[in-house]
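Subject: Structure handover

Hi,

Here is the structure you will be working with. Please open it beside this email and follow along.

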Amino acid sequence: AHQWRGVIAEYADRLPVDETTRIITLGEGGTPLVPAPALSALVEGEVHLKVEGMNPTGSFKDRGMTMAITAALAEGAKAVVCASTGNTSASAAAYATQAGLTCAVLVPAGKISMGKMSQAIAHGAELIQIDGNFDGCLDVARKLAENYPVFLVNSVNPSRIEGQKTAAFEVVDALGDAPDYHLLPVGNAGNITAYWKGYKEYYDDAVATSLPTMWGFQAAGSAPIVAGHPITEPETVATAIRIGNPASWEHAEAARDESGGLIKAVTDEEILHAHRWLSAKEGVFVEPASASGAAGLIKEHAAGRVPPGKRWVITVTGHGLKDPDWAVENPELTGAAESAAAPTQLPQDVETVAH
Ligand code: F0G
């Protein structure tokens with residue numbers, strides 16, 4: 001039986017590698033495209049979820065990180081650095097470990113989930129909490145890479161985008177063509193940049209006969225692209241996308257404009273409602289930020305802007321276990337059963353439990 005070999009081996013002819021490249025991989029990619037029956041019924045179309053939480057460290061970042069760490073090794077780097085809201089740091093830490101590289105991660109103090117922090121620590125990364133937000137962390141990481149012998153593995157590194165574009169290839173390979181619409185969260189804007197690049201490459205080579213319309217969604221308190229200016233103090237419960245000045249801003253706008261798409265904002269309430277929808281109606285548990293694409297579809301549908309009979313792919317970017325507190329601690333926000341907050345405790349007795 002064929003075992004998935006990771007995105008570099010699977011798409012080697014479309015990535016900047018050759019036979020001599022020492023590939024660092026944890027078997028990322030090959031993630032399921034899961035049908036979403038409840039969303040499909042809502043929009044009277046065909047909705048699929050690209051479940052990126054199924055990657056080795058639980059987020060889509062692994063697709064880019066296999067390339068970035070492979071590139072770091074090829075360049076003879078001994079250490080890598082990144083700024084992160086949590087997922088990039090978890091991924092960098094894991095891939096650097098396999099490569100035998102030292103890894104330092106800069107995260108906004110008190111603003112990343114425990115699950116993500118535990119990953120960076122478990123993989124032995126140097127975890128540095130910065131008094132500031134993601135944008136400040138990225139600024140420091142860039143300057144470190146400029147002035148010291150450390151290799152930057154944020155998505156401003158083109159190899160990250162190269163790896164991440166493979167998700168678009170997988171969607172087309174699974175569906176037989178591009179979807180009509182592709183929806184996803186937008187934070188630092190690397191992923192929308194990467195998907196658009198991947199879709200265009202398949203289209204240019206006639207692997208796909210069409211291009212999707214790209215719809216990106218930022219959290220309302222952290223929506224610089226929607227506002228048209230950087231946000232100095234971004235806020236949102238979706239800490240993964242708590243970003244005020246995205247590095248790939250212009251590429252995101254290009255993806256939006258070239259595809260005839262949009263980048264809009266969804267509120268924390270809409271994000272948590274979609275988070276609950278995905279877990280309770282589709283069976284897919286994601287972290288809050290990952291629900292913004294679904295939140296956007298639900299919102300646009302309510303506004304009468306969703307045409308029927310279309311094929312939709314929504315990337316859900318990270319696993320629910322990354323940041324599980326929302327389901328347990330905020331049932332009133334997520335609409336989850338109240339019993340989640342105060343679990344029923346009963347004696348060990350069949351009769352009692354049955355009733
Ligand atoms: N969803 C999740 C779960 C993320 O972790 C991120 C970004 C995004 C969406 C947005 O993707 O930045 O390419 O637009 N997380 C980065 C990090 C910033 O450090 O883990 P983007």
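**Ground rules**

This is a predicted model, so local features need pLDDT of at least 70, side-chain atom pairs count only at pLDDT 80 or more, and totals for chains, interfaces and linings use all residues. Residues are numbered from 1 along each chain as its sequence is written, and side-chain values use heavy atoms, with hydrogens and water left out.

**The sheet**

Start with the strands. Helices (H or I, at least four residues) and strands (E, at least two) are DSSP runs, numbered from the N terminus. Two strands pair if DSSP finds at least two bridges between them.

An open sheet is built from 6 strands, with mixed pairing. Their order is β1-β2-β10-β7-β8-β9. Which strands stand at the edges? They are β1 (33-35) and β9 (262-266). Each has a single partner strand, so one side of each lacks a neighbour in the sheet. On average, neighbouring strands are turned by 25° against each other, direction ignored. For angles, axes are lines fitted to C-alpha atoms, for helices over the stretch in contact; angles run from 0 to 180 degrees between N-to-C directions.

Strands of a sheet pair through backbone hydrogen bonds, either parallel or antiparallel. You can see both senses around β2 (residues 46-51). With β1, the pairing is antiparallel, over 3 bridges. There, V34 stands opposite L49, and L33 stands opposite K50. With β10, β2 runs parallel, and 6 bridges join the two. H48 has V313 in β10 as its bridge partner.

Now check how covered β2 is. Buried means under 20% relative accessible area, exposed over 50%, and partly exposed in between (1.4 Å probe, protein chains only). In β2, 5 of the 6 residues are buried, so this strand is largely enclosed by the rest of the structure.

**Helix α8**

G176 follows the helix, with a positive phi near 90°.

**Salt bridges**

Side chains of opposite charge can pair when their charged atoms come close. The test here is a side-chain nitrogen of Lys or Arg within 4 Å of a carboxyl oxygen of Asp or Glu. The whole structure has 18 salt bridges.

- K50 and E170 meet at 2.7 Å, N to O. K50 is in β2 and E170 in α8, so the pair ties together parts 120 residues apart in sequence. Buried or exposed? Both K50 and E170 are buried.
- K143 pairs with D139, with the closest N and O atoms 3.0 Å apart. Both lie in α6 (residues 134-147), 4 residues apart, about one turn of the helix. K143 is partly exposed at 43% relative accessibility. D139 is partly exposed too, at 38%.
- K197 and E162 meet at 2.5 Å, N to O. This pair links distant parts of the chain: K197 sits in α9 (residues 190-204) and E162 in α7 (residues 158-164), 35 residues apart. K197 is partly exposed at 29%, whereas E162 is buried at 13%.

Salt bridges with shared partners also join K50, E52, R63 and E170 into one network.

**Around the ligand**

A residue is near a molecule if one of its heavy atoms lies within 4 Å of it. There are 20 residues around the ligand, and S84, G187, N188, A189 and T317 come nearest. Look at these atoms:

- K61 places a polar side-chain atom 2.9 Å from a ligand nitrogen.
- T85 has a backbone N or O atom 2.8 Å from a ligand oxygen.
- A189 has a backbone N or O atom 2.7 Å from a ligand oxygen.

**One serine: S222**

Where does S222 lie? S222 is in the loop between β8 and α10 (224-227). At 1% relative accessibility, S222 counts as buried. Contact means heavy atoms within 4.5 Å. Leaving aside neighbours within four places in sequence, S222 is in contact with P234, E235, T236, I241, R242 and I243. The S222 side chain reaches the backbone oxygen of E235 at 3.1 Å. S222 and E253 are 31 residues apart in sequence and 16 Å apart in space, C-alpha to C-alpha.

Best wishes

Methods: A polar contact is a pair of N or O atoms within 3.5 Å; within protein, one must be able to donate a hydrogen and the other to accept it, and residues adjacent in sequence count only if both atoms are side-chain atoms.
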